[in-house]
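Please look over the sequence and the model below before reading on. The paragraphs that follow take a few places in turn.

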Amino acid sequence: MALIGADTGLQREIDNIWGIDDHAHPMPLGLELPGDPAAPIQPYDFELPKRMRPYNPEYLDAWAALWGYEHRDFETAHLGDLIAAKNKVMETRGTGYNSWVLDQVKIDRMVNININLHDTLPSDRFPWCAHVEWTLYPFACEPAHTGPSRMLTAAATRKREALGVAEAPPTLERFIDEVILAYLADSKARGAVGIKYNTPYSRGLDFSDPTYEEVAPLYAAGVARGALEAAEHKAVQDYIFRKTVLEAGRLHLAVQMHTGYGVQPQFRIRGSNPLLMEDVFRQASGTRFMLLHGSWPFTREAVALMGFPNVYNDFSCADIYHYPRALSDQIRQALEWFPEKLMYGTDAYSDWAFGMLSGIPSKANPLHGWEEKLWIIDRTGRQALGLALSGMVADGVISFKEAETYVSWVMRDTVSRFHKLDG
Ligand SMILES: [Zn+2]
């Protein structure tokens, strides 16, 4: 649907192109928390940005489109019936359910950022990226060993054991070889198209460049004590990170970096500024990086960094932070500078993934799943792209023909090229 200021013909093309979503969190069927029909909405105990709150009326649009919801309200009895209606669709569609959801919004493929590979997420529709934040947590970090970092330390132990490495390797060199490089090689062999970090949820993006000689004794102390204090821990992380992204480039695994705002009470926004990684982008010039979510509020910094040949930008999640008109400004800025490097994405997530990422207990909100978010976010992303391109055509910045080319780049081609989805 074209908004005021959008060219109707161009918008129709955008609405009808089959997109490739560069970043989202689809759920394996059956893993969503079932929810309570008597209390179908369970809000978090901190305030989300307005548009992300559970009573956003756009959910009514999504429920109508996906499950045939006929009401325009959030009445508990109606929502209890709606949970049953949604469950019925899941049951009927079975293993084809998640692919059916993609069809509803004309998404051809969705890059799956999830920890679970699953037969309801077939790789021809859901190519996947490996979560690697755990690689930065070989030990606990003292004293702030809370929330996501505790979860990540536990995950690091599980991942190491799954690679057949029963004990923490005694030296940093062996840790890099036997855990980090082995995990990347294993992920690549299992078909991963990239790796994903959500670093600013637990620390800043200011990765320094320490030497092996500086870090090796710290690593050894960590093995001996099981924990390191914050400054020592950071140096170990910085070293591991640099090694990992260099190897990712060698293996043609793209790197998705969370940049910009994060929804979580303890999130530190200033540590999410992508400019903090400028030296990394230069050093790891053979590695492709994606600045997730357009780095809002650091959107201008993100556009400037697109000048690095290996740095790309996307608007996943920005399309739920922002309404279409505000998002269209962000999109237009990127397209006026580096039109070949902006990608469509949704970041569609269920509350289960949200809780996991934030290190808080997940709430059971099955009516606010990745499917509903996808429907809302996809509409916003396409409308914002329509507004941005229509404005550029109206102002004589690009021709209508160029606008059509940009639609194809943003919605499909650049995502495919960035992740080498088509060879
Ligand atoms: Zn995400």
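Which residues of helix 3 are buried? The model is a predicted one, and in it the buried residues of this helix are Leu79, Leu82 and Lys86. Helix 3 covers residues 76–93, 18 residues in total. From its first C-alpha to its last it reaches 26 Å, close to the 26 Å expected at 1.5 Å a residue.

The spacing of the buried positions can be read against helix geometry. An α-helix has 3.6 residues a turn, so residues three or four places apart point the same way. Viewed down the axis of helix 3, the buried residues fall within an arc of 50°, and therefore they line one face of the helix. These buried residues pack against helix 2, residues 58–67. The other side of helix 3 carries exposed residues, namely Ala77, Ala84, Lys88, Glu91 and Thr92. After helix 3 comes Gly94, which has a positive phi, near 55°.

Two packed helices are described by the angle between their axes and the distance between the axes. For helix 7 (residues 212–225) and helix 8 (residues 230–250), the axes come within 9 Å and cross at roughly 115°. The crossing of helix 7 and helix 8 is left-handed. Helix 7 contributes Glu214, Val215, Leu218, Tyr219 and Gly222 to the contact, while helix 8 contributes Glu232, Ala235, Val236 and Tyr239. Sorted by class, this contact of helix 7 with helix 8 has six nonpolar residues, one polar residue and two charged residues.

His293 is not a glycine, yet its phi is positive, at about 70°. Is His293 buried or exposed? His293 counts as buried because it has 29 C-beta neighbours inside 10 Å, and the cut-off for a buried residue is 20 or more.

Lys420 is another residue that is not a glycine but has a positive phi, here of about 50°. Lys420 lies in the segment after helix 15, which spans 400–418. With 14 other C-beta atoms within 10 Å, Lys420 is partly exposed.

Key
Residues are numbered from 1 along each chain as its sequence is written. This is a predicted model: local features need pLDDT of at least 70, side-chain atom pairs count only at pLDDT 80 or more; totals for chains, interfaces and linings use all residues. Helices (H or I, at least four residues) and strands (E, at least two) are DSSP runs, numbered from the N terminus. The expected span of a helix is 1.5 Å times one less than its number of residues. A residue is buried if 20 or more other C-beta atoms lie within 10 Å of its own, exposed if 12 or fewer, and partly exposed in between; C-beta atoms are placed from the backbone. The arc is that of the directions from the helix axis to the C-beta atoms. Two residues are in contact if their C-beta atoms, placed from the backbone, lie within 7 Å. Axes are lines fitted to C-alpha atoms, for helices over the stretch in contact, and angles run from 0 to 180 degrees between N-to-C directions. A crossing is left-handed if the near helix is turned anticlockwise from the far one by less than a right angle, and right-handed if clockwise. Ala, Val, Leu, Ile, Met, Phe, Trp, Tyr, Cys and Pro count as nonpolar, Asp, Glu, Lys and Arg as charged, and the others, Gly among them, as polar.
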